[in-house]
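Please open the model in a viewer and keep the selection tool at hand.

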Amino acid sequence: MTTPSDAIAYAAVAADQPLQQQALTRRALRDDDVLIDIEYCGVCHSDLHTARNDWGRTVYPIVPGHEITGIVREVGPAVTRHAAGDRVAVGCIVDSCKACKYCDEQLEQYCLDGMTGTYGGVDRHDGTVTAGGYADRIVVRDEFVLRVPDSLDMAAAAPLLCAGITSYSPLRTWKVGPGSRVGVVGLGGIGHLGVKLAVAMGAEVTVITRSDSKAEDAARLGAADVLSSNDRESMRASRDRFDFILDTVPVRHKITPYLSLLRVDGPLVIVGMIEQMPEMHSGHFINRRIVTGSGIGGIAQTREMLDFCASHDVTPDIERIEMHEINAAYDRLARSDVRYRFVIDIGRFREAR
Ligand code: NAP
Ligand code: ZN
């Protein structure tokens, strides 16, 4: 495509307004660009934070969506990795400087020049604002497009591109494996994939939840146990119980109750994007538990994660929705009423165009 192309999208226009349909222009293909007809897009809690301006920095209008699967329609002349007809995926990163030490280490998410986000980022060439996967097509630089393994269903593969890699990466960083005792706080999109992935890596997993109603699901997902975070007695009795905890809570919360569940030198990996944390007494650090975080994962590790999911048969539990149902889905996501990831059928959205 040597000229820009028309797309349709759903955009957030203000924090207190529903998302609405909008026309969108996708850039003409550069030499190393891939044009993708989007089939599915997962709904991440970050989309909701962005649409509702939870972080106070959303510039409207914005087209969310960074859990994308689709089919390659066309490629630029310098593209080597992908061809028309390929099953592909795009996650949270669509570009980075590819020159700094972190890009060299394949940690593009920590690019010193700033990674380009799939939505709300600034294109490194033309300065336009990037628009995400709540749209019928997207144009992305070759190196940031991933192949979807044949055995993975395209709808179920979509949430792996953010929720999957966000849980997979810290599990690998902290070398979770057979015999590891893992706690996962919050059974939502990231949390339920964290459970499945840690179980597939051989760990013994406990779900730590406010929602007693999720206990049966936790067992079905492979968790060995459930710990109710509202039950002070059980929390107290679980001191020193875990080697690693993944904290996915999407709102400001106290972390000290979770820190005391860790063994000495065990990490509490916070992935929720929640701005200010409550103050902590320094005494909690003297017990030598580690408070850390983790951001998605690089492109090479995302590829590794997709292959791992294909070979271990790990896919998210999804609820398919149509594009026009997104506002109701956001309300349910805000209430933790989703088991466990909404995926928008973008193919149907295109057909209805
Ligand atoms: P989600 O599907 O909404 O899941 C979050 C879970 O946290 C809920 O299911 C709920 O589980 C628990 N929770 C919700 N509200 C809570 C509250 N008020 N107090 C305690 N627990 C609560 O969200 P997600 O898509 O997994 O995303 C989680 C967070 O990670 C978001 O902040 C998102 O922006 C962020 N994120 C970070 C990265 C990264 O790279 N670091 C990537 C993607 C997303 P229970 O019902 O079991 O308690
Ligand atoms: Zn996300």
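**The zinc site and beyond**

Helices (H or I, at least four residues) and strands (E, at least two) are DSSP runs, numbered from the N terminus. The coordinating atoms are C44 (SG), H66 (NE2) and C162 (SG), at 2.0 to 2.2 Å.

This is a predicted model, in which local features need pLDDT of at least 70 and side-chain atom pairs count only at pLDDT 80 or more, while totals for chains, interfaces and linings use all residues. Residues are numbered from 1 along each chain as its sequence is written, chains are lettered from A and ligands numbered from 1 in the order in which they are written, and side-chain values use heavy atoms, with hydrogens and water left out.

Next, select T50 in helix α1 (residues 45–51). T50 is buried, with a relative accessible area of 6% (buried means under 20%, exposed over 50%, partly exposed in between; 1.4 Å probe, protein chains only). Its contacts (heavy atoms within 4.5 Å) include Y60 and Y119.

Move to Y60 and P61, which are joined by a cis peptide bond with omega about -5°.

Finally, select D313, where phi is near 55°, a positive value in a residue other than glycine. D313 is exposed, with a relative accessible area of 68%.

Notes
Donors = N, O, S within 2.8 Å, 3.2 Å for Na, K, Ca; no water. Lists of a residue's contacts leave out its neighbours within four places in sequence.
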